[in-house]
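Please examine the structure shown below.

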Amino acid sequence: MGDVISDEDLLLEGQIEGKVRGERSVTIGSGGDLEGDVAARTIIVGGKVRGQIVASERAELMATAVVNGSVQAPKIVIAEGAHLQGNVAMTGGSEAHAVPRRTEES
């Protein structure tokens, strides 16, 4: 039990209880089981997460992912076969790009 904080890319396998914070990327491997929140620039989930996932750039749930909690990121990829029970919020901020509307001119 405890928090993990890293300024490098982080790969988690095994059972973890606590908060995970990464400056770069955090990957929960297919053998990973996290009970707690995770926040990083990029988050890839191949295992289990029970908690909130907050990515500042991109979150990806692989086909083997099982997530009970919310996912928040500007870009979210959910592979076929992934299990997600919770909320999804695509945050745009300055990274959102508006598509111009076509107008008919006379």
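E57 has a relative accessible area of 34% and is therefore partly exposed. The side chain of E57 meets that of R41 in a salt bridge, with a distance of 3.8 Å from N to O. This pair links distant parts of the chain, since R41 belongs to strand 5 (residues 38-45) and E57 to strand 7 (residues 53-61), 16 residues apart. R41 is also partly exposed, its relative accessible area being 37%. The model in which these features are seen is a predicted one.

In total, the structure holds six salt bridges. One of them joins E8 and R24, whose closest N and O atoms are 3.1 Å apart. Here too the pair links distant parts of the chain: E8 sits in the loop between strand 1 (4-6) and strand 2 (10-17), while R24 sits in the loop between strand 3 (20-22) and strand 4, 16 residues apart. E8 counts as partly exposed because its relative accessibility is 44%, and R24 is partly exposed with a relative accessible area of 36%. Through salt bridges that share partners, E8, D9 and R24 are joined into one network.

A further salt bridge is formed by R50 and E35, with 3.3 Å between the closest N and O atoms. Because R50 lies in strand 6 (residues 48-50) and E35 in strand 4, this pair ties together parts that are 15 residues apart in sequence. Both partners are partly exposed: the relative accessible area of R50 is 31%, and the relative accessibility of E35 is 38%.

Strand 4 (residues 25-35) also contains D33. Is D33 buried or exposed? Its relative accessibility is 18%, so D33 counts as buried. Apart from its neighbours within four places in sequence, D33 is in contact with G14, Q15, I16, K48 and R50.

M90 presents a contrasting case. This residue is found in strand 12 (residues 88-90), and its relative accessibility of 58% is the reason why M90 counts as exposed. Together with I78 and V88, M90 makes a nonpolar surface patch of about 290 Å².

The view may now be widened to the whole chain. The protein chain has 12 strands and zero helices. Of its 106 residues, 34% are buried. The accessible surface of the chain comes to about 6,800 Å², and carbon and sulfur atoms account for 47% of this surface. Finally, among contacts between residues at least 6 apart in sequence, 1% join residues at least 24 apart.

Definitions and conventions:
Residues are numbered from 1 along each chain as its sequence is written. This is a predicted model: local features need pLDDT of at least 70, side-chain atom pairs count only at pLDDT 80 or more; totals for chains, interfaces and linings use all residues. Side-chain values use heavy atoms; hydrogens and water are left out. Patches are made of residues with over 30% relative accessible area and no salt bridge: like charges are joined within 9 Å, nonpolar side chains (Val, Leu, Ile, Met, Phe, Trp, Tyr) within 5 Å. Accessible areas come from the Shrake-Rupley method with a 1.4 Å probe; for residues, only the protein chains shown count as cover. A salt bridge is a side-chain nitrogen of Lys or Arg within 4 Å of a carboxyl oxygen of Asp or Glu. Helices (H or I, at least four residues) and strands (E, at least two) are DSSP runs, numbered from the N terminus. Buried means under 20% relative accessible area, exposed over 50%, partly exposed in between (1.4 Å probe, protein chains only). Contact means heavy atoms within 4.5 Å.
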